[in-house]
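Hello,

Here is the structure I promised to hand over. Please open it first, then read the notes below it.

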Amino acid sequence: MTETWGKFKSFDGKKFEALDPEFTREVSSMLGGEDLTACFQCSKCSAGCPVSDKVNIQVHEIMRMLLFGLKEVLETDMVWLCTTCYTCQERCPQGIDITDIIFGLKNMAFKKEIAPPGYIAARKSLYDIGRLYEPTDWEREDLELDDVPELNVEDTRKMFDKIGLMKLKDGD
Amino acid sequence: MAQSYEVFLGCAIPNRFNNYESSMRAVAKELGINLIDFEGASCCGTVVLKSIDESSWLALSGRNIALAENRGHDIMTPCNGCFGSLKDTDHVLHDDEDNRKKVNTVLKPLGLEYTGKAKIRHLVEVLYELKDDIRKRIVKPLNGLRIAFHPGCHLIRPSNVVGFDDPELPRKVDELLELTGAESVAWGLKLSCCGSPLLISSEDVATKILSEKMISAKQANANCVVTNCPACHTQFDVQLIGMKDESGESLELPALFVTQILGLAMGIDPEPLGLELNRISLDPIADLLGF
């Protein structure tokens with residue numbers, strides 16, 4: 001089990017008083033969410049997941065939490081420790097776009113400021129310098145390669161300003 | 001007619017793996033693939049921006065596609081991350097009118113429009129189509145090389161989006177590699193993620209995943225790992241350096257790019273293949289590679 005991420009570590013002793021159907025609907029309306037409610041808990045997603053044995057809450061469990069409308073799902077480690085490998089989505093017998101649903105959960109969690117610091121830094125870097133991280137330039141001349149190509153900053157920043165990337169907040 | 005593509009390098013290749021870019025250019029030149037520089041590209045956004053905000057990711061990636069489309073070109077990328085991001089965006093924008101309209105509203109002031117005309121291809125997809133030509137050009141066979149080929153997730157999944165190979169039993173790149181006389185070995189965790197996307201959120205878990213992969217590759221008696229992605233390669237040729245298993249045995253194996261293997265077998269000089277830039281020593285297989 002990992003201690004690296006997620007406040008919600010176990011179902012033991014938890015009481016869930018308010019199930020929120022609106023939350024289930026909200027997730028269903030995001031990219032890839034349309035078949036969310038078709039999940040019948042076969043757990044094939046977790047069987048093929050490369051982090052199943054490394055997380056506190058597994059993929060099939062977050063699918064169940066979503067059907068029950070439990071917002072606590074955003075506090076689970078599975079959300080940010082999903083490697084985005086798409087194995088669950090590829091194998092789901094119900095054709096649910098599971099990995100894409102998890103992307104949607106990441107978007108929701110990010111707006112609530114529940115995100116690893118690396119992601120917050122990556123957003124800033126993308127906005128400021130057009131890259132997700134600082135580049136290094138090395139050994140290119142020896143291989144007769146041109147300089148590291150510039151990435152566009154100006155136009156992409158205009159787009160991000162219009163969409164509001166730097167001002168994402170809960171409730172939008 | 002020679003194939004022609006705008007080549008989308010992304011950020012990781014020109015900043016970390018000049019050997020991949022250089023070997024790709026050398027192999028493309030041999031095969032007559034025309035690589036056009038991608039003017040005005042932005043970051044592909046990859047799974048990082050998709051995780052933060054899908055609207056921003058669709059716009060950023062949609063802009064890249066629209067740039068090539070508006071110039072009348074198709075796109076080719078040697079990076080699984082860029083490939084996945086571009087293909088996924090193309091898939092969403094093609095099928096989903098609402099999102100297409102939203103993206104085009106943002107693109108309009110920039111003088112761009114996405115209509116979906118540009119094809120998006122991975123380098124290995126293009127190479128696979130030239131398989132017969134490559135076979136004829138093999139002059140230095142790599143017999144004895146036992147490759148643990150790592151296709152990487154976003155080359156093969158989700159298969160309804162990327163549409164390249166069988167998602168549970170991919171063989172196309174293996175076929176290319178085996179043209180050289182090398183063997184692409186079966187290994188248990190071949191299709192499993194390399195862990196690289198977790199370097200941003202949990203290096204611990206990323207490292208655990210990598211060590212499991214390497215144990216699997218060693219069990220299959222592979223003598224090298226081959227990739228077609230700079231993000232995966234960061235795990236196998238950077239993060240892996242000095243890594244040991246629980247008994248203290250080194251988990252390192254030489255790591256090469258597909259284009260370095262093909263280039264060597266095609267008799268291209270080692271220098272443009274950038275072999276001296278591979279970080280984990282290639283010495284254990286230098287005689288097999290013939291340099």
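Just after H12(B), B:Asn221 takes a positive phi of about 60°. Keep in mind that this is a predicted model.

Now the helix itself. H12(B) has 17 residues. From first C-alpha to last it reaches 24 Å, close to the 24 Å expected at 1.5 Å a residue.

Which residues of H12(B) are buried? They are B:Val205, B:Ala206, B:Ile209, B:Leu210, B:Lys213, B:Met214 and B:Ala217. An α-helix has 3.6 residues a turn, so residues three or four places apart point the same way. The buried residues of H12(B) pack against parts of both chains: helix H4 (77-81) of chain A, and strand E5 (146-150), strand E7 (224-227) and helix H13 (230-239) of chain B.

**The sheet in chain B**

E5 and E7 also belong to an open sheet of four strands in chain B. The order is E6-E5-E7-E8, and the pairing is parallel. Strand E6 (183-184) and strand E8 (255-257) stand at the edges. Each has a single partner strand, so one side of each is left without a neighbour in the sheet. E6(B) is joined to E5(B) by two bridges. There, B:Arg146 stands opposite B:Glu183 of E6(B).

**Where the chains meet**

Chain A and chain B each give 47 residues to their contact. On the chain B side, the elements that supply two or more residues are helix H1 (12-16), helix H2 (18-31), helix H3 (46-52), helix H4 (54-70) and helix H12 (203-219). That side of chain B divides into 25 nonpolar, 14 polar and eight charged residues.

**Domains**

Chain B is assigned domain 1 (4-123) and domain 2 (136-289). Their centres, taken over C-alpha atoms, are 24 Å apart. The contact between them takes 26 residues from domain 1 and 29 residues from domain 2. On the domain 1 side, H1, H2, H3 and helix H5 (80-95) of chain B each supply at least two residues. H2(B) gives the largest share of that side, nine residues. The domain 1 side divides into 13 nonpolar, nine polar and four charged residues.

Chain A is divided too, into domain 1 (21-111) and domain 2 (117-165). For chain A, 30 Å separate the two domain centres, again taken over C-alpha atoms.

Best wishes

Notes
Residues are numbered from 1 along each chain as its sequence is written. Chains are lettered from A and ligands numbered from 1 in the order in which they are written. This is a predicted model: local features need pLDDT of at least 70, side-chain atom pairs count only at pLDDT 80 or more; totals for chains, interfaces and linings use all residues. Two residues are in contact if their C-beta atoms, placed from the backbone, lie within 7 Å. Ala, Val, Leu, Ile, Met, Phe, Trp, Tyr, Cys and Pro count as nonpolar, Asp, Glu, Lys and Arg as charged, and the others, Gly among them, as polar. Domain bounds come from an automatic or database domain assignment. The expected span of a helix is 1.5 Å times one less than its number of residues. A residue is buried if 20 or more other C-beta atoms lie within 10 Å of its own, exposed if 12 or fewer, and partly exposed in between; C-beta atoms are placed from the backbone. Two strands pair if DSSP finds at least two bridges between them.
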